[in-house]
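Here are my notes on the model you asked about. Keep the viewer open and follow along point by point.

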Amino acid sequence: MLALIKREIADAAVFFLITAIFVLILTGMLVYRVAIGWGSDQILGVPSTMYKIFGNFFPFIFLIAAVLGALQMYLDRDKKISSYLSTLATTRRQILSAKIITGVLWILLVILPIAATDAVLLKVFPMVAVPDAGFLIRIFVTIFLCGLACYSFGLLVGWHSGKSLPALGIILVTPILVSLIVIKGFGLQTIIFFLLFISAAIIRTWQKFMSLSL
Amino acid sequence: MGNEAIKVENLVKFYEGRCVLDGINLKVPQGCIYGLLGRNGVGKTTLIRILLGLDLPTRGQTHLLGCESSKLSAEIHGRIGYVAEGHNLIQNYRVGKLINLCKSLSAKWDQDFLNHLLETFRLPTDRKIKQFSGGMRGQLNLSLAMAIDPELLILDDPTLGLDTVARRQFLELAIDLLQQDGRTILFSSHILSDVERIADRIGILVAGKLAVDCTLEELKNRVTKLRLIFPEKPPADLHLTDIINQQAQGRELVITVANFNKQKQAIIETFKPSNCTEVPMSLEDIFIECTNTQPLSIVN
């Protein structure tokens with residue numbers, strides 16, 4: 001299993017590398033902006049400084065998450081990689097699990113450093129209306145789930161012989177998922193919606209992957 | 001379950017509305033080298049893919065090493081070596097990277113033996129697999145399959161697309177490797193001479209059915225070709241069962257019969273042919289006769 005996860009990470013190395021650089025730049029921007037001052041205004045209960053940076057950055061990240069999921073499946077099918085892997089000492093279940101774990105790791109790579117930076121910044125540079133720790137956790141759980149929802153959708157549409165239909169699906173669905181945060185905020189309803197969406201997408205992908213010809 | 005390494009029960013597979021496999025029953029005992037023959041597109045690869053769990057059957061069941069194909073565990077997969085038709089592997093990997101991946105996914109790995117095979121085949125480990133010719137990919141595929149010291153080895157038309165030299169080289173080494181004790185091998189091919197050199201039991205797929213399933217010796221003994229010369233025009237119907245092929249020209253009638261015995265000989269003699277001679281048949285002749293006609297049954 002570990003070997004399969006390593007293989008998935010190595011194959012998605014470009015994604016991991018670019019994302020790491022991107023996250024580093026974003027963290028730097030955040031530190032710089034906060035050093036100047038948080039500002040007193042808030043959007044959706046989040047300091048506007050943080051919201052603006054996140055608002056510009058995360059839609060791209062969610063799009064990349066969907067592309068990562070779709071590419072994992074598309075290249076796999078196109079190059080018959082799973083067909084070969086499943087003849088080695090492994091199972092379809094392990095192959096798909098390795099993909100999903102890689103996707104989750106990638107999303108965590110994006111979110112954890114930013115979440116940690118934010119937590120430290122709020123501690124070091126306290127603002128007038130400090131969001132409580134629970135609220136900060138809710139923000140990042142929602143962002144994590146949105147990323148996972150986009151990734152799961154990518155996985156679902158990626159196992160398709162054509163390129164245009166998955167691409168169209170990602171372009172249409174990702175903005176809808178992201179806009180849900182803008183409309184509903186970082187509340188419980190949003191979290192529940194994402195959880196349901198992720199479950200549906202993963203279960204369908206799982207069912208397809210286990211029963212189709214490899 | 002018995003000691004069958006491969007067991008197929010009433011296997012039916014429809015593909016895009018077409019019946020590719022029609023009620024296949026097959027048992028390959030452990031330690032047997034089984035040659036699966038059939039013309040291109042007859043369903044050999046489909047049967048192998050179903051055995052390995054890569055495809056699902058429409059009906060029926062298949063078992064490998066005592067485990068149902070669709071539920072093969074990683075442990076069972078680790079005891080099976082597979083050389084696929086076309087040798088897909090992972091094309092954008094370098095050989096070394098693929099070897100490391102296979103090694104890390106294997107329960108058993110013989111690096112020395114793999115090195116020996118790579119050296120024998122002169123395969124560079126620093127090149128990408130997509131830069132390899134079909135023959136080199138086949139050799140690499142076989143090397144990787146053999147490195148796990150498989151209990152069951154499945155070779156799906158491994159010499160397909162290879163030139164004569166590469167095919168000979170592949171087979172010579174394969175024969176050495178295959179003849180080790182206790183290993184079960186399923187070898188599919190449409191090249192008769194390949195199978196004849198390796199197999200001790202043969203199956204021939206014709207129109208989705210397993211028309212022949214017996215030892216090579218039995219097959220040769222049980223299919224008989226006779227040249228009959230009659231004083232006048234040959235009879236239209238000899239009233240024989242198991243006629244595989246029949247051709248009449250002038251006073252001459254050439255028939256190929258399965259399961260030829262004294263009873264059938266007696267029936268022929270009632271038509272009083274002036275001459276009756278047996279025509280020697282190679283495996284290739286038998287294969288051509290069998291695959292050119294409706295499925296007969298030479299199953300033991």
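1. Let's start inside. In this predicted model, the largest nonpolar core has 91 residues. Look for Ile154(B), Phe187(B) and Ile204(B), which have the most contacts inside that core. The element that gives the most to this core is helix H5 of chain B (residues 134-147), with 7 residues. Both domain 1 (4-199) and domain 2 (219-299) of chain B put at least three residues into this core.

2. Now zoom in on Phe187(B). What does Phe187(B) touch, leaving aside residues up to four places away in sequence? There is a run of neighbours, Ile33(B), Tyr34(B), Gly35(B) and Leu36(B), and then Leu155(B), Val195(B), Ile198(B) and Ala199(B).

3. A second, separate one has 37 residues, and Val67(A), Cys146(A), Cys150(A) and Leu177(A) are among them.

4. Helix H8 of chain A runs over residues 188-211, which is 24 residues. At 1.5 Å a residue H8(A) should span 34 Å, and because its end C-alpha atoms are 35 Å apart, the model agrees with that expectation. Which residues of H8(A) are buried? They are Phe194(A), Phe197(A), Ala201(A), Thr205(A) and Phe209(A). When you look at their spacing, remember that an α-helix has 3.6 residues a turn, so residues three or four places apart point the same way.

5. How do the chains meet? On the chain A side 17 residues are in contact with 19 residues of chain B. Helix H1 (2-11) and helix H4 (81-85) of chain A each supply at least two residues to the side that touches chain B, and H4(A) has the largest share, 3 residues. By type, that side of chain A divides into 6 nonpolar, 8 polar and 3 charged residues.

6. Step back to chain B as a whole. Chain B holds 10 helices and 15 strands, and its C-alpha atoms fill a box of roughly 70 × 40 × 40 Å along the principal axes. Of its 300 residues, 41% are buried. Among contacts in chain B between residues at least 6 apart in sequence, 71% join residues at least 24 apart.

7. The mean pLDDT of chain B is 84, with 94% of its residues at 70 or more. Within chain B, confidence is highest in strand E4 (residues 59-64), at a mean of 93, and lowest in strand E15 (residues 298-299), at 59. Where pLDDT is low, the predicted coordinates should not be read in detail. The model scores ipTM 0.79 and pTM 0.83.

Definitions and conventions: Residues numbered from 1 in each chain as written. Chains lettered and ligands numbered in written order. Predicted model: local features only at pLDDT ≥ 70, side-chain atom pairs only at ≥ 80, totals over all residues. Helix = DSSP H or I, 4+ residues; strand = E, 2+ residues; numbered from the N terminus. Expected span 1.5 Å × (residues − 1). Buried ≥ 20, exposed ≤ 12 C-beta atoms within 10 Å, placed from the backbone. Core = buried A, V, L, I, M, F, W, Y, C linked by C-beta atoms within 7 Å. Domains from an automatic or database assignment. Contact = placed C-beta atoms within 7 Å. Nonpolar A, V, L, I, M, F, W, Y, C, P; charged D, E, K, R; others polar. pLDDT = per-residue confidence, 0-100.
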